[in-house]
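Please examine the arrangement of charged side chains, the sheet and the nonpolar core in the model shown here. The explanation takes these topics in that order.

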Amino acid sequence: MASRRSSSSAAAIASVDEFLRVLDHPHKEGIELLRAVILAVDKRITEEIKWNAPSFKLTDHFATFRLHPPKGIQLVLHVGSRPIVPPKQFQLDVPVDLVKWAAPDRCILMVPSSSAAVALQSTFARAVKQWLSQL
């Protein structure tokens with residue numbers, strides 16, 4: 001992965017790798033799998049630790065894992081630290097039991113386990129692509 005990233009993002013990747021190496025989470029395998037899925041969606045995506053979790057960005061952050069409480073795997077899809085003005089209603093074509101809307105421009109993708117993450121890889125990738133297309 002590091003070979004397709006700029007040298008300035010190589011340190012961020014290393015820090016995410018280190019963060020995950022020491023992470024104590026019951027669904028760590030699923031988090032690592034979905035991390036790879038997100039990075040494969042678009043070669044421009046970079047990552048770093050932000051808000052105490054792996055976070056992904058193009059120009060601004062758009063997705064961040066929510067690691068606590070560790071009752072499954074949660075990925076918050078958002079518009080970064082500043083809201084889009086005027087506000088925008090985002091939509092995702094994913095099963096309703098996979099997504100919880102926290103605001104019109106913020107939702108949480110919820111995967112119950114690492115084994116479910118394996119089964120939901122393509123759905124997860126589709127959701128991230130749809131999100132990026134609406135930014």
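Arg35 and Glu47 form a salt bridge, with their closest N and O atoms 2.6 Å apart; the term denotes a side-chain nitrogen of Lys or Arg within 4 Å of a carboxyl oxygen of Asp or Glu. The pair links distant parts of the chain, since Arg35 belongs to helix H2 and Glu47 to strand S1 (residues 46-50), 12 residues apart. Helices (H or I, at least four residues) and strands (E, at least two) are DSSP runs, numbered from the N terminus. The model is predicted: local features need pLDDT of at least 70, side-chain atom pairs count only at pLDDT 80 or more, and totals for chains, interfaces and linings use all residues. Residues are numbered from 1 along each chain as its sequence is written, and side-chain values use heavy atoms, leaving out hydrogens and water.

Arg35 also meets the side chain of Asp17 in a salt bridge (2.8 Å, N to O). Asp17 lies in helix H1 (residues 7-22) and Arg35 in helix H2 (residues 28-41), so this pair ties together parts that are 18 residues apart in sequence. Arg35 is buried, at 7% relative accessibility, whereas Asp17 is partly exposed at 36%; buried means under 20% relative accessible area, exposed over 50%, and partly exposed in between (1.4 Å probe, protein chains only). Glu47 is buried as well.

The sheet comes next. Six strands form an open sheet in the order S1-S2-S3-S4-S6-S5, with antiparallel pairing; two strands pair if DSSP finds at least two bridges between them. Its edge strands are S1 and S5 (99-103), each of which pairs on one side only. H2 packs on this sheet and touches S1, S2, S3, S4 and S6, its direction making about 170° with that of S3. Contact means heavy atoms within 4.5 Å, and angles run from 0 to 180 degrees between N-to-C directions of axes fitted as lines to C-alpha atoms, for helices over the stretch in contact. H4 lies across S3, S4, S5 and S6, at about 170° to S6.

The largest nonpolar core has 36 residues, and those touching the most other members are Ile38, Phe56, Phe62, Phe65, Leu75, Leu92 and Leu109. Such a core is a set of buried Ala, Val, Leu, Ile, Met, Phe, Trp, Tyr and Cys residues joined through side-chain atoms within 4.5 Å. Not counting residues up to four places away in sequence, Phe65 touches residues including Arg35, Ile38, Phe56 and Leu75.
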